[in-house]
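Trainee: I have a structure to read and would like to know where to begin. Could you take me through it?

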Amino acid sequence: MATDKDYIKALVGLFGDAGVTYRAMMGEYVLYCGGKVFALVCGNTLFIKITDASCELLKDRPIGLPYHGAKPMFILHAPEKCPFLGELALRVSAELPFPSKKRRS
């Protein structure tokens, strides 16, 4: 099931001033913070990359796969009940490397 556009807009608003943006990818969405991919939204479910910060903040949350072949990620079924989403985005993205630049042939 593809993620609803209204859902993604409301979800991004929950991150407050963290500067979270999104991009559509095959009916689902990729979330960015500071130019780094830190989360996915698939089937109206938020998946957060596993880092030291996310392990600390989300230690009791379930882990699952956003799609077949993906790496495991934390699942946030009710992000509106998570008061520290902005902090989570900033801390997780701070631990991730910048994407490598693609070379033109």
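**Reading the core and the sheet**

Mentor: The model is predicted: local features need pLDDT of at least 70, side-chain atom pairs count only at pLDDT 80 or more, and totals for chains, interfaces and linings use all residues. Residues are numbered from 1 along each chain as its sequence is written, and side-chain values use heavy atoms, without hydrogens and water.

Trainee: How many residues has the largest nonpolar core?

Mentor: In soluble globular proteins, nonpolar side chains tend to be buried together. A nonpolar core is a set of buried Ala, Val, Leu, Ile, Met, Phe, Trp, Tyr and Cys residues joined through side-chain atoms within 4.5 Å; buried means under 20% relative accessible area (1.4 Å probe, protein chains only). Here the largest core has 25 residues, and Ile 48 and Leu 88 are among those with the most contacts inside it.

Trainee: In which order do the strands form the sheet?

Mentor: Strands are DSSP runs (E, at least two residues), helices likewise (H or I, at least four), numbered from the N terminus. Two strands pair if DSSP finds at least two bridges between them. Here the order is S1-S2-S3-S4-S6-S5, an open sheet of 6 strands with antiparallel pairing. Its edge strands, S1 (21–25) and S5 (63–64), each pair on one side only. S5 pairs with S6 over 2 bridges, and Ile 63 has Phe 74 in S6 as its bridge partner.

Technical notes. Buried < 20%, exposed > 50% of the residue type's maximum accessible area, 1.4 Å probe, protein only.
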